[in-house]
Amino acid sequence: MADKTSLRKFRMILMPVLLIGVLSLCLAGCKKENSQDAEHLDKLRKTIEDAKSRSQEKPETDEPVKADVKEEKPEEAGNKTAAGDFAKAFTDGEVENNGSYFVRVGNKVYYRVYNVRALERTSISQFFLDEKDASFPSELYCYDLKTDETEKVCDVAGQGKLYAVAEGFCLRSPDSFQTLLIYPDGSDGGIYGEGAIECVSKDGRSACFAVYQDGVRPKHALYRDGEEVRLFSEEGSDYLDVEGFVGNDLIGMKYHEEDNEYAVFSCDENGNDTELGIIPTPEGFAYMTPEWEQLTGDPSRFYFMIGFYEGSGHFLQSWECMEAVANQAGSLKIFHDSANDTAVAYGEEYIDRVPRIFLSDAGAGLTPYATGDVFLSEVSHGDLQYCDGNGYQTLEKNYSPEKDEWTRYDTFLQDAAVFGDKIFVISADVNRDEPADVGWRWAYDLHWLNYDVYTPGSKDKKVLTMLNSAGWGDAVTDEKRLIGTWDLYSYEVEGTYGTSEDDGVYEQLIFNGDGSATYIHGAKDVSSSRKERKLHRVPADSEDIPVCFETEDGEEQPLHFDIWALSHGQLDVGVSYTYDGGIPGMYHGWYFKGEE
C-alpha cells in the first residue's frame, strides 16, 4: 500500500486528469439508438402518450367499467403457451411474494431495473422507488435460482410493483388508470383490466383493481377469470380499503361514519362479502385511521396487524393484532392485547415499529422480526441481517455505517425478499440535502440504487446492477446540475483512503454555464500556492472518450473516466489510469457542492 507522501504526489499528477474527464462527460452527447431500439421505444412512448390522453378524459357514466376483450391473433398462441408456465406455477403453489419488487414464479425471480430519471431524486420519506415520471421505460429482468444467471426479459412502460397472474405479469399503466399485461416471453399482452391492480389471489385467477370513476376516490373492483364479479360502491361508508387476499378470499376494511367504526370484511371469489367484526380502537386514538401493517395465514384462520399513526410526521402511537376466519361473520377477535403497547405507556413520542406475526406448526406468535425479514441491526444503521426462523444471521457487516467524517452516504433499505437460500436486496445510497428539508423532516438525495443477491454463509454477494443518479443508459449527465463549485472531500486510490483536510490539500472544480471548467489545486492554507488550470478535451476516437490535459511541460496524456454519481450536493468520479510503465489502476474522488 502506498505511503501518504507518494500518494499525495500521485494525486497532484492524477487530479487534473480526473477533472478533465468530468468535463468531457458533461460535453459529450448521447449515443445514437439503433433502429430496432428506436422502434421499440417509439412503441413504449406511444403507450405512454395514449395513457396520458386517457387520464384527461372523464367517464360519462358511473356504470361499472368492463375489461376489454381482445380478439386473439395467430401470433398470440405462442405467448399463451409460454403463459402456461405461470398458470402451472400457481397450481403448484410456486409463486412467492406476489405484488412486490421481487416476485418468484417457479425457479425464476423477476424484478424491474428502474430508469433513475423516472425516480424522485430528493425525498423526505427515505424511499426512492416511486416513479415520478413514467415517460422513461424500465427493464424487466429475471434471475434463475438454479443457474444463478440473469436475463433481461423486456422493456416495460408501467409503474409500481410487479403482480404475477396466470397469464403473465401485470403493471399499472403510467397514469394508473389501467393495468397492463406482459406475457412471460416479454411480449405485449395489452390491457389486462381497467383500474390500477392492487392484489392477486393465491391461484392467480382473481385480482382486485382500484377503479377511478369520479376522479377523487377509487372504487374497488374484484375480477375472477377476467370478469368483474363485484364493484364495491361504499354504500353506507365513506372509506374503504383493500389489503390483499388470504387464499382466494379478499380482505379489506370499511369505515362506518355514523358510528366512527372500522369493520373488517372478507369477499369470496363469487363477490359475496361478509363483515367479520369491528376493529377495537385503543383509548385516546379514536381520531386516528388504522393502517394495515401485515396480513398472513389462510381462509380458515388469518392474522393481521394494524397501526395507529399521528400527525403529518406519521408517528406510530399504537397497534393491534387481530385474527379472524374468512367469510364467517363475527369471527374477528383480538389476538394480542396491546393496551400497554403505546407510545404514551412507553413515555415516548412514538414507537419505532410494530412487531411481526409469525406462523409455525405450534400456531401464531409475535416477534420483532419474522422469518424472511431483512433489516439493519440498529434499525437505522448497522449490519445487514435477516431472520432465518432460528435467529438473526448477518449478511454484511457495517452495511450502513453510523454517520461520521468517513461516511459518505447513508444507506436506506428499499426492499428485500428471501427465496430459498438467496436473499435479494434493493438499497439506496443517499446524502443529505438540507435546502430541501421540510420543517423538521430531513431530505435526502438519491446517489446510488443497488441491487444485490446474498447467499447466507457466503462472504461473496452477487451485484445485479448499480444505478447512479448521474444518468442512466445512454443518458448524458445533467449539465445544469454540474454548474457550480465542487470541493474535494475525500478520495480512494488502490484501497487507500484520504481526505483533503488530512492532506492539507486544496482542490476545487468549477463548472460554468457556458460549458467551460476550471481546476484549482494547491496547499489548503497557503493561497499563494494555488494554481488554476483551464480544462479541455480532444475529439474521441472510441466509445470510451479519451481526454487530454495540459501538463506543466506541455505534454498531453489520455484518460478513461466515468461520473459514477451526481446528486444535489455530491459528485462521485471514477478514473481508470496507468502508471509505472502501464500498470492499471483506479482512482475514486468524492466532491461536495460548495456554497452558492
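Predicted model: local features only at pLDDT ≥ 70, side-chain atom pairs only at ≥ 80, totals over all residues.
Start at Tyr-141. This residue sits in strand E5, which covers residues 138-144. Now look for Glu-151. Along the sequence, Tyr-141 and Glu-151 are 10 residues apart. In space, their C-alpha atoms are 5.7 Å apart. Glu-151 is also one of the residues that Tyr-141 contacts beyond its neighbours within four places in sequence. That list also includes Thr-150, Lys-152 and Val-153. Val-109, Tyr-110, Tyr-111 and Val-113 are on it too.

Next, the cysteines. How many disulfides does the whole structure have? The search finds 0. Take Cys-208 as a case: the nearest cysteine sulfur belongs to Cys-199 and is 4.9 Å away. A disulfide needs two cysteine sulfur atoms within 2.5 Å, so Cys-208 is in none. Cys-208 counts as buried because its relative accessibility is 0%. Cys-321 also counts as buried, because its relative accessibility is 0%.

Finally, find strand E30, residues 444-454. Why is E30 described as largely enclosed by the rest of the structure? Because 11 of its 11 residues are buried. E30 has strand partners as well. Strand E29, residues 422-432, runs antiparallel to E30 and is joined to it by 10 bridges. In one of these pairings, Ile-426 has Tyr-451 of E30 as its bridge partner. Strand E4, residues 122-123, is also antiparallel to E30, with 2 bridges. There, Thr-122 stands opposite Asp-445.

Definitions and conventions:
Residues numbered from 1 in each chain as written. Heavy atoms only, no water. Helix = DSSP H or I, 4+ residues; strand = E, 2+ residues; numbered from the N terminus. Contact = heavy atoms within 4.5 Å. Buried < 20%, exposed > 50% of the residue type's maximum accessible area, 1.4 Å probe, protein only. Pairing = 2+ DSSP bridges.
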